[in-house]
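Subject: Structure for your files

Hello,

My notes on it follow below.

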Amino acid sequence: MANIADRLFVSVLNNLKYFPDLDWPDTPNDPADVDQIDEPIDSENDGIFSIDEEQTSNDALEQLAGSRVAVELDQDEVEAIEGGIRSRGFETLAFYKSRRFISHRPFAGRWGIFYLKQGLIYIESQINRVYPGYGEPKKLAINFLREHERFHYRADIQTLMFETTLGKHLYLPLHKALRGRRTNFVEEALANRQVWDWSRKESVGLEEFAKDFMLLQPNAYARFLEPRLDLAAEWAGTVVDQKPPGSTFREDLSHWVETTPSGLMRSSLCPEYVIYPDKWSRWISPALVLPPVNAVQDGEDVVKILHGRLAHLQLKWEQTKRKLLENRLLHGLNFKPWPKDGPERYSVRVDDNFRAHLHHVGSGIWNAYILGPHKKLGHG
C-alpha cells in the first residue's frame, strides 16, 4: 500500500518534463568506484540475494536480522568487507535504493534501505571488539548503518523539493553523471556526518568507533569532519546547479539542506529490508584486498626525520609497525590505500597528529618513505 512518500514521488516525477544531459569533463574511471545501486545491476548479479519482508521498527528489524542462522564471518569475508569499506564505503554493508528506481534490479518492485546480513554481523562484531560488554550491539549495528542510509533518503526527498520548484529532473541526470565517480559526491560526506553526530550522543557512545570506521573510507566519505554547512553548500550546488562535485557551492541553500518536513521523515515511510547474498564475493567484486604485512622497512628520509625533529615519534612508530604486523585491519591504524602518491602506496595513522606513507614493494614487504603531519601529507 502506497504511503505519502510513495505518492509524493509519483506526483512530482510525473510532472517533470525536462531531463538535462550533463556535459561534465571526462575523468578516469576508478574500477573500485562501481555504482551498484542507482542504475540497474548487471544480469550476472540478478538473483544472488534472498530477502526478508519489510520491517521498519528497530525491534522488528532486530528480530528479522537474527531470524536465520547467524554464522560467524570467515576470514575471506572479513578481508573482503575490510577492502570494500576502504574502496566503496558504507555501501559495502548496506545501501539505499531510491523510489525512482523501483522497477530496477536488485529487488524490482521494492525501494528503501537494504541491510546485508553479513554487514550487520560485521558491525556488531566490531562494536563488541571495541566496547566489550557495552550496550546492545545488534541494535547499535542496525542504527549505525541506518543513520547513513537514512540521510540518503533525506537527500532524495530534499532533491524532490528542488525538482518540483524548478520543474526539471535533478536526481536522475546527476546520478547518471556520477557513475564511476560516486565517491567524489559530497552527499556521502553528509551521510557520514549524520552517523558521526549520532555516534557522539551520550545515549549512544560510539564516537571513537565511528570516527575510525569512517576515516577508512575513500574520498568524499572521509570528509565528514569538515564544517557541516560547507558540505551542505557543496551538496546543494552539485544538485541544483548540476555541476561536477567540488566546482560549485550554494551557501544560500546550505541552511535548507536538512529542513525536510518531519512528516516525511517518519521511519515507517522508508521501507527497510535485510538481504542475504548467496554469493557474497559477487556482491562486492571487484574488491580491494589489502596486501599482507610481513615486514616494514624505514626509508632513508624516515630514518633521518626520526633521528631529528620527529624523534619523539620513535616509540609510537615502532608500536604502529608492530600493530601492522599483528593485524593490518585494526581500524585504529586507519591503514588504507593512498593512490595520490602512486600505485601500491598506502597510508597509516601514527597518532592523532601524524601519519606515515608506505610503498608495498611485494611479498608483504613495505617501505616507509615519508612520515609527517596529517595535513602536510594531504589528509585534511
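Leaving aside neighbours within four places in sequence, which residues is Trp317 in contact with? The model is a predicted one, and in it Trp317 touches Val296, Asp298, Val302, Leu306, Val348, Val350, Ala356, Leu358, Ala368 and Leu371.

Trp317 belongs to the largest nonpolar core, a set of 71 residues, and is listed with Ile123, Phe144 and Phe335 as having the most contacts inside it. Helix α5 (residues 137-166) gives this core its largest share, eight residues. As background, nonpolar side chains in soluble globular proteins tend to be buried together.

On the protein as a whole: it has 13 helices and nine strands. Of its 380 residues, 54% are buried. Among contacts with a separation of 6 or more, 70% are between residues 24 or more positions apart. The accessible surface is about 17200 Å², and carbon and sulfur atoms account for 50% of that.

I also looked at helix α3 (residues 75-88). Its 14 residues should span 20 Å at 1.5 Å a residue, and its end C-alpha atoms are 19 Å apart, so the two figures agree. The helix is mostly covered, with 12 of the 14 residues buried; among them are Val78, Ile81 and Ile85, as well as Glu77, Glu79, Glu82, Arg86 and Arg88. Just after the helix, Gly89 has a positive phi of about 75 degrees.

Regards

Technical notes:
Residues numbered from 1 in each chain as written. Predicted model: local features only at pLDDT ≥ 70, side-chain atom pairs only at ≥ 80, totals over all residues. Heavy atoms only, no water. Helix = DSSP H or I, 4+ residues; strand = E, 2+ residues; numbered from the N terminus. Buried < 20%, exposed > 50% of the residue type's maximum accessible area, 1.4 Å probe, protein only. Contact = heavy atoms within 4.5 Å. Areas by Shrake-Rupley, 256 points an atom, 1.4 Å probe, with all protein chains shown as cover. Expected span 1.5 Å × (residues − 1). Core = buried A, V, L, I, M, F, W, Y, C linked by side-chain atoms within 4.5 Å.
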